[in-house]
Amino acid sequence: MLTSVAGAGCNVPAIMGTRVLTTMRERIIAGTLIVLVPCSARSAVIFGAVGFYAGWQWALGIYVIIGIIWVLVGLGLNKLMPGKPTGLVMEMFPFRRPHPKTVFKKTWHRFKAFVFMAVPLLLVGSVVLGILFQTGYLFDLAGVFSPVVEGWMGLPPVAGLVLVMAVLRKELALQLLAAMAIVMGASSEASSNLLLIMSKEQLFVFALVTAIYIPCVATIAALARELGWRRSLIIMGFTIVLAILVGGIANRVLIAF
């Protein structure tokens, strides 16, 4: 529970904190729940897109929906995964005055492992997206994603491209949305008013989907380091499917009412 709450600031240190749990079952459940907690970057998208253009009530609605999903996923994983919760027993070591050399070594040891895993993913991801953008193949993906993005979630084609690119850094989702919309023919005024390219309902669905699916490359690296790549990919796939499912349902409900 505490690690999930810590994820509201950043999912990465919260996931790294799951190492204190004694069983892999508990670490998997905790890791899955952590990535469903809106971090500060995703909160910026919620308040910047929904809270600013649609109103604080719409933004609060997203947090309510995510809270319900968080509880249901936790209960579901607890039922599906074999095993029982164990008590958390931690050894209380004697406190001593920290030595600068020891602090530096331990900090570098923990920081190095994360950097060597996260930085290559960020660099490779940025290069791949840059190549796709410069060659024009990125815009071809809009047609590939159209049945899901437009048909199911009711979003414009540009939103699908942004959802893919925002995996690198979620706080850039709003800037990417405006920039990609202008590139694809929208008015330059869209950079300061997202309502020119999307309705309030579409912004709500866009922010909801952005808040649910896997946060960023750094979180993926942290999951892989703590749980392994296979479990990390399963959690990624689960959050993507969940985000698409919830986004489509939200779109249908908004259309109905």
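The following conversation concerns a predicted model of a protein.

Biologist: How many helices and strands are there in the protein?
Modeller: The model is predicted, and the protein has 12 helices and zero strands.

Biologist: What share of the residues count as buried?
Modeller: Of its 257 residues, 42% are buried. The protein exposes about 14000 Å², and carbon and sulfur atoms supply 72% of that area.

Biologist: Which residues touch the most other members of the largest nonpolar core?
Modeller: Those are Leu194, Phe206 and Ile212, in a core of 63 residues. Helix 10, residues 200-212, gives the largest share of this core, with nine residues.

Biologist: Leaving aside neighbours within four places in sequence, what is Phe206 in contact with?
Modeller: With those neighbours set aside, the contacts of Phe206 include Val45, Leu155, Val162, Ala173 and Met198.

Biologist: For contacts with a separation of 6 or more, what percentage comes from residues 24 or more positions apart?
Modeller: Such pairs account for 72% of those contacts in the protein.

Biologist: Turning to cysteines, how many disulfides does the structure hold?
Modeller: It holds zero disulfides. Cys10 is in none, and the nearest cysteine sulfur, that of Cys39, is 6.4 Å away.

Technical notes: Residues are numbered from 1 along each chain as its sequence is written. This is a predicted model: local features need pLDDT of at least 70, side-chain atom pairs count only at pLDDT 80 or more; totals for chains, interfaces and linings use all residues. Side-chain values use heavy atoms; hydrogens and water are left out. A disulfide is a pair of cysteine sulfur atoms within 2.5 Å. A nonpolar core is a set of buried Ala, Val, Leu, Ile, Met, Phe, Trp, Tyr and Cys residues joined through side-chain atoms within 4.5 Å. Buried means under 20% relative accessible area, exposed over 50%, partly exposed in between (1.4 Å probe, protein chains only). Helices (H or I, at least four residues) and strands (E, at least two) are DSSP runs, numbered from the N terminus. Contact means heavy atoms within 4.5 Å. Accessible areas come from the Shrake-Rupley method with a 1.4 Å probe; for residues, only the protein chains shown count as cover.
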